[in-house]
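The sequence and structure come first, and the notes follow.

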Amino acid sequence: MSRSAILAGEGLSKQYGSLEVVKGVSISIDSGEFVCLVGKSGCGKTTLLSLLSGLERPTKGDVVLNGKKINGASEDELALFRRENVGFIFQSFNLIPTLSAWENVALPLFPIKMTAEERRRRATELLTQMELGHRMDHLPSALSGGEKQRVAIARALVNRPKIIFADEPTGNLDSATGDAIMDILNRLHSKEGVAILMVTHEVELAKTAERLIRMHDGEVIS
Amino acid sequence: MNLHYLMNELYYQKRRTLTAILGLSIGIALLIILNALSMAYRQAAHAPLKEIGADITVQRPGDVPKDLAGAVFPCSAVTIRQSEVEKIQGLPGIRGVGKALLLWVFDPNRAWIVLGIEQHNTIGPAILRSSVTEGRFIEEGKSEALVEVAYARQFGIKLGDTISVADKKFPVVGFIDASRAAKIAVANVYLPLAEAQQMAASSKGLQSVSPYDPGDVNLLFIKADQEKITPLAASLKNILGKKATVATPDSFLKLLGSLFALSDKFTLAASLIAIIVAILIAFKTMAGNIAERAREIGVLKAVGWTNRNVVTQLLMESVVQCFLAGILGLLIALVVAFGLGFMKVNIPIPWDMAPTPHFLPGGGDQIFKTLRLPIHVPWTLALFSFVLSIVIGGMTGALLGRQIAKIKPSEVLRHE
């Protein structure tokens with residue numbers, strides 16, 4: 001692993017019964033790097049992302065995230081590690097329907113000892129950056145798809161992560177809104193220096209990334 | 001635990017919240033009402049004895065009088081010896097004994113139900129002092145009589161008249177309203193106990209059926225420690241014989257015939273069912289809640305909530321729901337109890353405790369003590385149910401903690 005690498009997976013495999021979904025993949029992402037993982041549906045992209053982010057444990061291999069080998073950690077240790085180092089953006093936004101936009105952004109901060117004012121201040125700051133300052137108190141049901149995804153991006157940033165894992169972040173959006181979301185991700189990467197690992201099956205979108213990793217049938221092919 | 005998140009969940013998921021609260025509150029209300037009903041019936045069963053100032057009444061059945069002439073004992077109440085009374089007074093748990101002598105007196109032109117009473121004993125018929133409607137109560141050492149007001153009206157007896165009972169004359173010093181008095185030991189004429197004892201001792205007809213010495217009686221009213229009533233009833237039968245009629249609140253409870261009055265076991269079983277139903281409702285709702293919110297739980301874990309964070313959040317939701325259900329259940333129970341309080345209960349008085357001879361008008365009729373169901377929700381029961389509802393909430397949340405821990409974010413967030 002190079003000195004500047006924020007994330008590395010060594011010989012990662014994931015097996016469900018007799019089905020091997022990820023087959024001995026080794027991957028490394030540097031700090032501030034924007035990497036896209038592309039491939040057809042079912043090729044193992046999302047599983048690889050889950051392994052690298054500590055959401056899932058590999059059958060074989062090691063994951064080193066921000067200098068720490070995480071595959072031996074307990075569930076709660078992994079949760080704490082994610083809280084401090086990782087942000088997630090999902091295809092279906094996964095906002096909590098009963099919480100307002102700013103509360104959804106502040107969700108990762110709820111278990112942390114912090115004043116409510118400080119949580120709100122951090123959420124407001126990020127929502128303003130996402131041009132959603134006027135939608136702070138709206139429930140997700142009152143937001144458009146693009147707005148929901150911008151709230152989800154703000155949530156991914158609220159804990160000031162070293163790396164963001166984005167799983168098909170534009171998959172549920174029309175192309176114009178998808179482009180806007182990609183602009184935000186590019187801006188984050190270039191201005192904030194956040195490393196991004198994005199999974200997509202759209203090769204055109206992936207071209208905006210610094211590096212492209214192609215997967216096929218559980219293996220990295222290029 | 002985030003209180004705002006918790007309140008939002010309960011507020012915005014109205015259907016889920018209301019289903020859980022209503023379901024559990026019905027279980028809690030059922031538990032309170034069943035127990036309050038059982039307690040009310042128990043309290044009602046005390047009424048016939050309580051109004052005579054006693055917890056137990058005792059009499060001994062005997063033979064039917066041979067001739068209905070002069071003073072006789074009703075066959076349901078014959079001699080209880082003075083020595084037996086002394087033994088009874090010495091039993092542990094006895095707080096006091098009231099004595100009385102019930103006689104049927106057949107004079108040539110009139111039949112009297114006569115009750116000899118201890119004027120100053122608060123246990124037993126002297127409690128009727130408060131039922132004097134005119135004149136005064138009989139005084140110690142004086143040979144005078146009280147007459148039941150309806151009987152006096154029927155036979156034109158006036159205050160200050162002299163009545164002749166078993167050839168002895170008594171001035172009438174007061175009237176008693178029997179309709180306001182206890183159904184046990186009601187009579188037409190109330191005399192000092194000593195006068196009635198003298199009347200019994202000098203009656204040959206009475207002596208031939210049930211030998212009687214001065215100082216003996218045929219009715220006992222016993223005040224006892226509540227927890228010792230049942231063992232005392234057995235001890236009394238040991239002293240007076242198995243045939244002795246020992247009436248306790250439990251014997252009236254059995255006569256009530258209500259399911260709630262039948263046994264503690266019924267109430268216990270019904271309460272347990274209510275609790276189990278409440279637990280199942282809470283458990284089912286919470287389990288459904290977790291299944292429905294698996295993706296949300298996955299998100300929480302993905303963004304860094306530990307299992308403990310998630311379990312605490314959902315556990316507190318469950319506790320708050322159950323807390324609200326406890327309040328609602330209590331309110332429902334109070335409203336239902338208020339409604340049930342208008343219900344009338346008829347407590348049958350056994351024929352052998354009713355003093356009117358069956359061959360006289362009204363003597364064969366079943367008599368009842370009628371009262372409004374004395375139902376209320378004691379604060380201890382309310383508090384118990386309330387705490388129970390919160391415990392159910394906590395227990396359910398804690399039991400489902402393992403299920404929450406099993407949810408893997410990678411599985412529930414996979415769409416996609």
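## Contact between the chains

Two residues are in contact if their C-beta atoms, placed from the backbone, lie within 7 Å. By that rule, 25 residues from chain B and 27 residues from chain A make up the contact. On the side of chain B that touches chain A, two or more residues come from each of α1 (3-12), α11 (294-302), α12 (307-340) and α15 (409-412) of chain B. Helices (H or I, at least four residues) and strands (E, at least two) are DSSP runs, numbered from the N terminus.

That side of chain B divides into 8 nonpolar, 10 polar and 7 charged residues. Ala, Val, Leu, Ile, Met, Phe, Trp, Tyr, Cys and Pro count as nonpolar, Asp, Glu, Lys and Arg as charged, and the others, Gly among them, as polar.

## Numbering and model

Residues are numbered from 1 along each chain as its sequence is written, and chains are lettered from A and ligands numbered from 1 in the order in which they are written. In this predicted model, local features need pLDDT of at least 70 and side-chain atom pairs count only at pLDDT 80 or more, while totals for chains, interfaces and linings use all residues.

## Chain B as a whole

Chain B has 15 helices and 13 strands. Its C-alpha atoms fill a box of roughly 105 × 40 × 35 Å along the principal axes. The radius of gyration of chain B is 32 Å, whereas a compact globule of 416 residues would have one near 22 Å; the radius is taken over C-alpha atoms, and the globule rule is 2.2 Å times the number of residues to the power 0.38.

Among contacts in chain B between residues at least 6 apart in sequence, 81% join residues at least 24 apart.

## Helices α3 and α7 of chain B

The axes of helix α3 (residues 82-89) of chain B and helix α7 (residues 229-240) of chain B come within 10 Å and cross at roughly 155 degrees. Therefore α3(B) is roughly antiparallel to α7(B) (over 145 degrees). Axes are lines fitted to C-alpha atoms, for helices over the stretch in contact, and angles run from 0 to 180 degrees between N-to-C directions.

Glu84(B), Lys87(B) and Ile88(B) in α3(B) meet Leu236(B), Ile239(B) and Leu240(B) in α7(B). These residues divide into 4 nonpolar, no polar and 2 charged.

How values were computed. Angles under 35 degrees count as roughly parallel, over 145 as roughly antiparallel, 65 to 115 as roughly perpendicular and the rest as oblique.
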